[in-house]
Amino acid sequence: MILRPAARAVTLTMMVTLASLALSACSSGESGGGGQTSFVMGKDGIATVAKAGRKPAGQIKGDTLQGKPLDVAGLKGKVVVINAWGSWCSPCREEAPYLNKVAKEMKRKGVEFVGINTRDGEKTQAIAFEKEFGTSYPSLYDPTGKLLLSGFPKGTVNLQGLPATVVLDRNGKIAARVFGAISDDTLHKMIDPLVKER
């Protein structure tokens with residue numbers, strides 16, 4: 001079949017577009033360098049970073065849903081679990097009891113939990129969520145996702161993919177990550193090795 005010049009141009013444009021999409025899908029921002037963090041995905045769905053390759057989280061601070069100032073940098077010396085969530089998100093509702101359970105269990109071992117509530121237009125929805133699940137730790141209010149975008153190296157979190165859980169080691173460096181709803185077992189697999197680190 002012989003294509004006319006106009007059809008050839010359209011076909012060529014489509015092929016170039018598809019090739020560039022394929023390349024961009026492969027470069028997900030997880031290869032390291034340029035401020036990015038190199039994750040290695042485990043069979044259990046937990047992506048981790050070797051101690052030598054960890055990068056610090058950016059500035060994660062603001063006001064909580066209750067209007068109190070919170071700066072994650074002030075938690076250095078503790079293992080910090082940061083969970084990005086929204087009250088409208090079904091998987092966030094599914095994981096909430098597990099996060100709360102492990103937060104209570106691990107507090108005495110020097111583990112702090114911080115939520116980042118995002119894409120909720122009104123605080124009232126997020127506060128109702130916390131009340132419903134008896135959330136025992138604070139959440140920063142981040143309706144536009146600004147904290148998520150500026151607080152983590154490129155490729156660490158995806159604003160469109162909630163929930164997301166990121167764990168920082170005692171030095172404030174990104175050590176592990178999971179996308180999607182998380183269980184208490186998965187949380188322990190992420191946290192326990194970091195608690196033992198010295």
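**Exercise 1.** How many residues does the largest nonpolar core have, and which of them have the most contacts inside it?

*Solution.* The model is a predicted one. Step 1: the largest nonpolar core has 32 residues. Step 2: Ile 60, Ile 82, Phe 152 and Leu 168 have the most contacts inside this core. Step 3: two or more residues each come from β5 (79–85), α2, β6 (111–118), α3 (123–133), β7 (139–142), α4 (146–151) and β8 (164–168). Step 4: among these elements, β5 gives the most, with four residues.

**Exercise 2.** List the residues that Phe 152 touches, leaving out residues up to four places away in sequence.

*Solution.* With that exclusion, Phe 152 touches Gly 58, Ile 60, Ile 82, Ile 116, Leu 147, Val 157, Val 166 and Ile 174.

**Exercise 3.** Describe how helix α2 (residues 90–106) and helix α5 (residues 184–196) cross.

*Solution.* Step 1: the two axes come within 10 Å and cross at roughly 30°. Step 2: angles under 35 degrees count as roughly parallel, and α2 and α5 are therefore roughly parallel to each other. Step 3: the crossing of α2 and α5 is right-handed. Step 4: α2 makes the contact through Tyr 98, Leu 99, Lys 101, Val 102, Glu 105 and Met 106, and α5 through Asp 184, Leu 187, His 188, Ile 191, Asp 192 and Val 195. Step 5: sorted by type, the residues of this contact are seven nonpolar, one polar and four charged.

Definitions and conventions. Residues numbered from 1 in each chain as written. Predicted model: local features only at pLDDT ≥ 70, side-chain atom pairs only at ≥ 80, totals over all residues. Heavy atoms only, no water. Axes fitted to C-alpha atoms, helices over the stretch in contact; angles between N-to-C directions. Parallel < 35°, antiparallel > 145°, perpendicular 65-115°, else oblique. Left-handed = near helix turned anticlockwise from the far one by under 90°. Contact = heavy atoms within 4.5 Å. Nonpolar A, V, L, I, M, F, W, Y, C, P; charged D, E, K, R; others polar. Core = buried A, V, L, I, M, F, W, Y, C linked by side-chain atoms within 4.5 Å. Buried < 20%, exposed > 50% of the residue type's maximum accessible area, 1.4 Å probe, protein only.
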